[in-house]
Amino acid sequence: MFDKERFVDERLLSVSVKNKGLNYGLGCLDGIRAFWNDEKEQLFIFRLEDHMKRLHGSGKSLFINIPYTVEQLSSITKQLLLLNQVTQDVYIRPICFKGANTLRPDLNDPFNHLAIYTHYTEYEPKPYLKLCISSWTRIGSNMIPPQTKPTAGYMNSALASEEAATNGFDGAILLTAEGNVSEEATANLFIIRDGQVYTPPVSDDILPGITRDTTAQIFMNEMNIQVREQSLTRVELYEADEVFLTGTAMGIKPVTEIDRRVIGSGQVGPMTSKAQEIYQLIVRGNLPSYMNYCTPVYEKEKNFN
């Protein structure tokens with residue numbers, strides 16, 4: 001049995017230091033964005049149900065039962081944004097983790113905590129990124145499955161990001177144990193070469209991102225270019241005409257340098273720039289053919305008083 005959802009001030013919440021979800025990273029999470037459209041005076045949640053379906057998939061794979069349906073989670077998220085009268089871009093974090101305060105790091109107990117909260121701090125708004133290849137190897141499918149979003153897996157991302165920052169880079173690209181390009185510490189990766197677009201396959205230990213999928217649709221439907229999934233070597237990154245990252249928090253972000261090697265012209269590439277423009281139209285509800293991805297929060301006649 002689970003209690004009915006409650007909306008509370010985050011400053012009033014606490015988790016025991018004995019909580020095994022906290023102690024061992026026994027949880028799963030997701031990340032969602034909502035985008036404010038000034039002209040329409042509307043807040044659109046982007047691909048809300050797809051994100052909640054992914055959260056459920058993570059929970060199923062990790063023996064972390066999500067105590068609400070996709071429909072219930074979507075409704076709760078809308079209520080949360082309405083309650084806070086959000087009228088700006090916002091990041092939404094659903095998280096579910098083991099609730100017991102027992103010592104053993106097992107997944108057997110059925111009692112899980114679930115919370116959804118909002119965050120207004122965004123990634124540093126750099127127009128492009130300079131990355132490095134990390135010395136840390138990407139977690140593998142038989143370790144902590146990267147095709148899900150386990151809280152414990154982000155130690156891998158954190159170590160790579162810290163190494164990159166220490167060495168003066170904006171982020172880090174992780175390789176698989178076999179030496180293939182996997183993804184950036186918190187984002188998927190694409191390259192463009194000779195007019196063709198490539199991205200690593202799921203088998204190279206990536207998270208199959210929702211923004212990654214949206215980007216592939218942009219290239220196919222709006223630019224008439226098929227995205228090819230294939231394993232990539234680090235040298236193929238260096239020799240690419242354009243490189244960019246995709247993720248919920250950052251959207252589509254160009255990369256102009258990897259391991260101190262200039263990518264292409266060293267400027268934001270034309271195909272990346274075009275994809276960025278279309279993505280912004282989509283997420284803000286300004287491209288009619290993608291409106292099924294945009295969940296409006298407010299009724300047509302809203303009242304913030």
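This is a predicted model: local features need pLDDT of at least 70, side-chain atom pairs count only at pLDDT 80 or more; totals for chains, interfaces and linings use all residues.
Next I looked up its partner. Lys 126 makes a salt bridge with Asp 170, and their closest N and O atoms are 2.3 Å apart. Lys 126 sits in the loop between strands S5 and S6, and Asp 170 in the loop between helix H4 and strand S7, so this pair ties together parts 44 residues apart in sequence. Asp 170 is partly exposed too, at 33%.

How many salt bridges does the structure hold? I noted 13.

Another one I checked joins Asp 259 and Arg 234, at 3.2 Å from N to O. Asp 259 lies in the loop between strands S13 and S14 and Arg 234 in helix H6, so here the linked parts are 25 residues apart in sequence. Asp 259 counts as buried at 17%, while Arg 234 is partly exposed at 34%.

Then I found a network: salt bridges link Lys 20, Arg 104, Asp 106 and Asp 109. Within it, I looked at Asp 106 and Arg 104, which meet at 3.8 Å, N to O. Asp 106 is buried at 17%, but Arg 104 is exposed at 60%.

Last, helix H2. Which residues of H2 are buried? I listed Leu 48, His 51, Met 52, Arg 54, Leu 55, Ser 58 and Gly 59. These cover an arc of only 155° around the axis, which puts them on the same side of H2. After H2 comes Phe 63, with a positive phi near 60°.

Notes
Residues are numbered from 1 along each chain as its sequence is written. Side-chain values use heavy atoms; hydrogens and water are left out. Buried means under 20% relative accessible area, exposed over 50%, partly exposed in between (1.4 Å probe, protein chains only). Helices (H or I, at least four residues) and strands (E, at least two) are DSSP runs, numbered from the N terminus. The arc is that of the directions from the helix axis to the C-beta atoms. A salt bridge is a side-chain nitrogen of Lys or Arg within 4 Å of a carboxyl oxygen of Asp or Glu.
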